[in-house]
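Welcome! Take each task in turn, try it yourself, and then compare with the worked solution.

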Amino acid sequence: MSLSTCLSLPTRLSPSLPVSLYLVVCLSLPVCLYLPVCPPLYLSFSTYLSVLLSNFELLESFVDHWKSITNYYIQTTDDSRPVRQTEIPWCLRQMLDILVYEEKQQVEDTGPCLEYLLQHKLLETLCTLGKAQYPLGMVQQVLLFFSKLLSQIQKPLLQLVGVYRPVQKLIGLCALPGSHTEKEEAQFLLVVCSRVKQDPHTLRYLLQVTAAPPTQPAARTPASDQSQPCTQASNHSKEPPLPASQSDSSTGRPVQSESGLLSALLQLRGSVCLKAFESLLMLSALQSESSGEILADHTQLGELLTGRLLQLYSLLPLESLDPGEVQSWPHTPWRYAKSQTFLRGFTICRHTTFYTTVQVCLWFRCEQMVLVSTSILCVAVRFVQSSSLLDQLVHFLLRTHTLTYLLVQRCDHISDQISLASLSLVEELLQKPHRDILDVLVLTFLQSRSYLSAPAAGQEDRPLESNQTNEDSDDLEEDPFFSDSLLFSDSQLLLHPPPPPFSSSSSSAPPPSGLGSAADVVNSFLCLVPVQVRSAQLLQEGGYESYVHDAHTQCESLSLSWDWPISLPSSSGEGEEFFEGHLLKVMFDRLGRVLEQPYELNLKLTAVLSRLSAFNHPLLQEYLLNPYIHLSHCSRSLFSVLIRLMGELMQRIQQVSNLTDRLLNTRRDLLGLNHNTGLEHLTLLRGVVVLEEFCKELAAIAFVKLPLDQVVTPLDQQ
């Protein structure tokens, strides 16, 4: 035998030939053929022989373990003996260890053990044994072997016909009625979805679908169709062609078979359902465009998810659920496992049938049912991340006029709990990056700017002089809602608001203090609360500057590229009666009752109004943050509502004795520093504290949004 013949020996060893034959051929070559010519070649050949010997030993061991499994079925006649009392689990573990070790040694090529497994269809045989459940519990061992094989072998396996066909069969054995291997089934399906996430193109093999010809829709692939041409072991690394029967479009629109991957994931019950939904999330989050098209066009993923969600929703104990604990999800106690399962499933559902069912529940008259349904919807909105799902949700909530009106009106419900839940829903919606939310709820009603009155002749946009300021003060003195205590001296005004620490203009000149400047807007909100009812300074708490950083963060997060105009539109609503919209009407009505509402409700109300004020839209800035606009007849703005509220406040505090001490104790109680606050006038005192903080927050938002040198005129000439 020549040297060239020896070196041309194949690196992959055929399992059908004995080891000794290769050793005899290799070792029969005299060393003198190559040692005198090239000594390094001898060393390389020795290494080559040691690798061959190692591969032979691994293969022999692998085959011996497999024969031990097959011999059990030949020699054993005891059908009642469970699999755990046999050597089968140990043999499977040894085979898996050999495959993992072999892969570490064979970095690029497929090792002989993996070749043997594929050529002799070991995985197919294991699926058959698992389906027969012989010995008892065999399917559990098969599931464990498949799970570990797919998770520990790094080479892509699901594209191989010798792997994905057995995986398909094993998926068909999952989620069957009466199964006792749900844990192993959920883990196996999770591993499969993880591998699909790594190689998205393998999804079409698992789902048994393929792209149809351009002129015909793709068709359903029968789960029983196993007509796949056998490929050689050397071609396992290539993607096999799909059967021609899969392109037959005569069966109508594609449908996922009942024994398919998606159906199995949705049918898992009990403690493993959360892992099943995690697998579904992996599939629905595939970044590959072709995979998304397969899920949308070749499966009934939407219908399957909707049906499962409807089942979960019907299982929710709406009569006994605590709305507060529902809204705390995902930190909901484990006794609300059904709620967790439903909410996880909702994040990947976008089917209209489900929304119709939820809408019916929202129309219930039972207070508990309304409260829980609204709370569940609120949490669902919070955790929506998909843009297309958010589109569907916004369309469902805001483009259905009757439902939109119902949800907004419930912000002013006779039940404070329902009002609180409805306000939470509005707040969650306002945090979503969707332009239609603000357009439908607010901006549509402000577009005409009919809240402005026509300016008097000769007074358009000219700065007000000092005598006008005095006249305005006289008007306030004559207003029956105000007393002398509402008028402040110059020392009480903050003419130079401190610049925020993050501002690059901190060293610039002081802002102008003339009427209509940014400083005046800030001072207008700060001076709304009379001095005698201010309690923050009594505990040495910060002023409005403590809100500046949060306001800056909030305004930045809401400054999205939604192509909003920079300047105000022309006023086109002259003579038209202004309506602020259902949401702002409810907000202003509620704000006017701050002094008689629960503290938690007031916090949520002011949070929604602050968020609306922080949006970087010129209409919102004018209507909510400009105190100097001339309002038309019967129109009101945020500032005018606060003015009226302060007049009512000055009347109510006349009935409270020791006002300063009680306000101080109330603030301490809200901060958790004092628990001895009396019940008398508690709602009123808490409302006063909320108003003080709300005005400081509005001042901070105005300070962040308005440039220091900007002058706010009474009427814009756009």
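## Getting your bearings

The chain has 31 helices and zero strands. Keep in mind as you work that this is a predicted model.

**Exercise 1.** Find what share of the 718 residues counts as buried, and what share of the contacts with a separation of 6 or more joins residues 24 or more positions apart.

*Solution.* Start with burial: 49% of the 718 residues count as buried. Then turn to the contacts with a separation of 6 or more: residues 24 or more positions apart make up 78% of them.

**Exercise 2.** Classify the aromatic pair of Tyr451 and Tyr623, and say where each residue sits in the chain.

*Solution.* Begin with the overall count, which is 13 aromatic pairs in the structure. In the pair formed by Tyr451 and Tyr623, the ring centres are 4.9 Å apart and the planes make an angle of 50°. Planes under 30 degrees apart would be stacked and over 60 edge-to-face, so this pair is tilted.

Next, place the residues. Tyr451 belongs to the loop between helix H22 (435–446) and helix H23 (466–478), while Tyr623 is in helix H28 (residues 618–625). The two are 172 residues apart, so the pair links distant parts of the chain.

Now check accessibility, where buried means under 20%. Tyr451 has a relative accessible area of 0%, so Tyr451 is buried. Tyr623 is also at 0%, and therefore counts as buried. Finally, look around the pair: ring pairs join Tyr451, Phe578, Phe588 and Tyr623 into a cluster.

## Two helices side by side

**Exercise 3.** Describe how helix H9 (residues 182–198) packs against helix H12 (residues 273–284).

*Solution.* First take the geometry: the axes are 9 Å apart, at an angle of about 15°. Angles under 35 degrees count as roughly parallel, so H9 is roughly parallel to H12. The crossing of H9 and H12 is left-handed.

Then list who meets whom. From H9 come Ala186, Gln187, Leu189, Leu190, Cys193, Ser194 and Val196, and from H12 come Lys275, Glu278, Ser279, Met282 and Leu283. Sorted by class, this contact holds seven nonpolar, three polar and two charged residues.

## A proline in a loop

**Exercise 4.** Where is Pro156, and which residues beyond its neighbours within four places in sequence does Pro156 contact?

*Solution.* Pro156 is in the loop between helix H7 (138–152) and helix H8 (161–172). Its relative accessibility is 40%, so Pro156 counts as partly exposed. Leaving those close neighbours aside, Pro156 contacts Arg195 and Asp199. Asp199 is 43 residues from Pro156 in sequence, and their C-alpha atoms are 7.7 Å apart.

## Backbone exceptions

**Exercise 5.** Most residues other than glycine have a negative phi, and most peptide bonds are trans. Examine the backbone at Pro135, Cys634 and His681.

*Solution.* Start at the peptide bond from Tyr134 to Pro135, which is cis, with omega near -5°. Pro135 is in the loop between helix H6 (122–132) and H7.

Move on to Cys634, whose phi is positive, near 70°. Cys634 lies in the loop between H28 and helix H29 (638–652). With a relative accessible area of 63%, Cys634 is exposed.

End with His681, where phi is positive at about 55°. His681 lies in the loop between helix H30 (659–670) and helix H31 (682–705). At a relative accessible area of 24%, His681 is partly exposed.

Notes: Residues numbered from 1 in each chain as written. Predicted model: local features only at pLDDT ≥ 70, side-chain atom pairs only at ≥ 80, totals over all residues. Heavy atoms only, no water. Phe/Tyr/Trp six-rings, centres within 6.5 Å; stacked < 30°, edge-to-face > 60°. Buried < 20%, exposed > 50% of the residue type's maximum accessible area, 1.4 Å probe, protein only. Contact = heavy atoms within 4.5 Å. Axes fitted to C-alpha atoms, helices over the stretch in contact; angles between N-to-C directions. Parallel < 35°, antiparallel > 145°, perpendicular 65-115°, else oblique. Left-handed = near helix turned anticlockwise from the far one by under 90°. Nonpolar A, V, L, I, M, F, W, Y, C, P; charged D, E, K, R; others polar.
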